[in-house]
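Subject: Structure for you to look at

Hello,

Here is the structure I said I would pass on. My notes on what turned up in it follow below.

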Amino acid sequence: MFLSTYESKIDAKNRVSVPASFRKALGGDDVICVWPSFGKSKDCLEGGSKKLVNGLYKSIRKMKPMDPRRQALEYGILGECKELQFDGAGGRIVLPQKFVDAAGITGEVAFVGLGERFEIWSKERLEAKRAEFMELAAESGDLIEALDFDFDFDEDEDAA
């Protein structure tokens, strides 16, 4: 699971170190999948494991083949997705210039863990959006109870 927010620097060759806990969450995969976000007012990159992308693909595949929304999702996620390989030293990846430009990344980046996926933000853009996200989260807290969230943590599904 991808948790927490980590800051890193991007170098002149668009190399950035992926947080160690994120690499561990990949379960041994040597690549991460990344694509530009197409969410409204979300100028960041989305990412996760191959397993996540496969799950998204399976969900998209359930839509009617000629549905323009399916085609848009196929293009926006599958067509834009890049599998980025870790280098041997320090778990770095190289972000494509197109992705760096789309997310407005210049010097510092923030990796934001969101459970089964993560986002990569320009540190400045994330700081500008953080208050908005936290305000909406405060307004949405009752949704957790509405979803009948089970607060019984005795049974850990990920336990060995």
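Two strands are said to pair if DSSP finds at least two bridges between them. By that rule, strand S3 (residues 31-36) pairs with strand S4 (residues 45-48) in the antiparallel sense, over four bridges. Please keep in mind that this is a predicted model.

Strand S3
Trp35 has Glu46 as its bridge partner in S4. S3 is also joined to strand S5 (residues 82-85), again by four bridges and running antiparallel; there Val34 is partnered by Lys82. Is S3 enclosed or open to the outside? Six of its six residues are buried, so S3 is largely enclosed by the rest of the structure. In a regular strand, side chains alternate between the two faces of the sheet. In S3, Val31, Cys33 and Trp35 point one way, while Ile32, Val34 and Pro36 point the other way, and all are buried.

Strand S7 and its partners
Strand S7 (residues 108-113) has five of its six residues buried, so S7 too is largely enclosed by the rest of the structure. S7 pairs with S1 over five bridges in the antiparallel sense, and Thr5 stands opposite Val112 of S7. Five bridges also join S7 to strand S8 (residues 118-122), and these two run antiparallel. In S8, Trp121 is the bridge partner of Ala110. S7 and S8 form a hairpin with four residues between them, and Gly115 in the turn has a positive phi of about 90°.

Asn14
Asn14 sits in the loop between strand S1 (5-9) and strand S2 (15-17). With a relative accessible area of 10%, Asn14 falls below the 20% cut-off and is therefore buried. What does the side chain of Asn14 make a polar contact with? The partner is the side chain of Gln97, at 2.9 Å. Leaving aside residues up to four places away in sequence, Asn14 touches Ile93, Val94, Leu95, Pro96, Gln97 and Val100.

Helices H2 and H3
Helix H2 (residues 50-61) packs against helix H3 (residues 68-79) at an angle of about 170°, with the axes 10 Å apart. Angles over 145 degrees count as roughly antiparallel, so that is how H2 and H3 lie to each other. From H2, the residues Val53, Leu56, Tyr57, Ile60 and Arg61 meet Arg70, Leu73, Glu74, Ile77 and Leu78 of H3. The residues of this contact divide into seven nonpolar, three charged and no polar.

Regards

Technical notes: Residues are numbered from 1 along each chain as its sequence is written. This is a predicted model: local features need pLDDT of at least 70, side-chain atom pairs count only at pLDDT 80 or more; totals for chains, interfaces and linings use all residues. Side-chain values use heavy atoms; hydrogens and water are left out. Buried means under 20% relative accessible area, exposed over 50%, partly exposed in between (1.4 Å probe, protein chains only). A polar contact is a pair of N or O atoms within 3.5 Å; within protein, one must be able to donate a hydrogen and the other to accept it, and residues adjacent in sequence count only if both atoms are side-chain atoms. Contact means heavy atoms within 4.5 Å. Axes are lines fitted to C-alpha atoms, for helices over the stretch in contact, and angles run from 0 to 180 degrees between N-to-C directions. Angles under 35 degrees count as roughly parallel, over 145 as roughly antiparallel, 65 to 115 as roughly perpendicular and the rest as oblique. Ala, Val, Leu, Ile, Met, Phe, Trp, Tyr, Cys and Pro count as nonpolar, Asp, Glu, Lys and Arg as charged, and the others, Gly among them, as polar.
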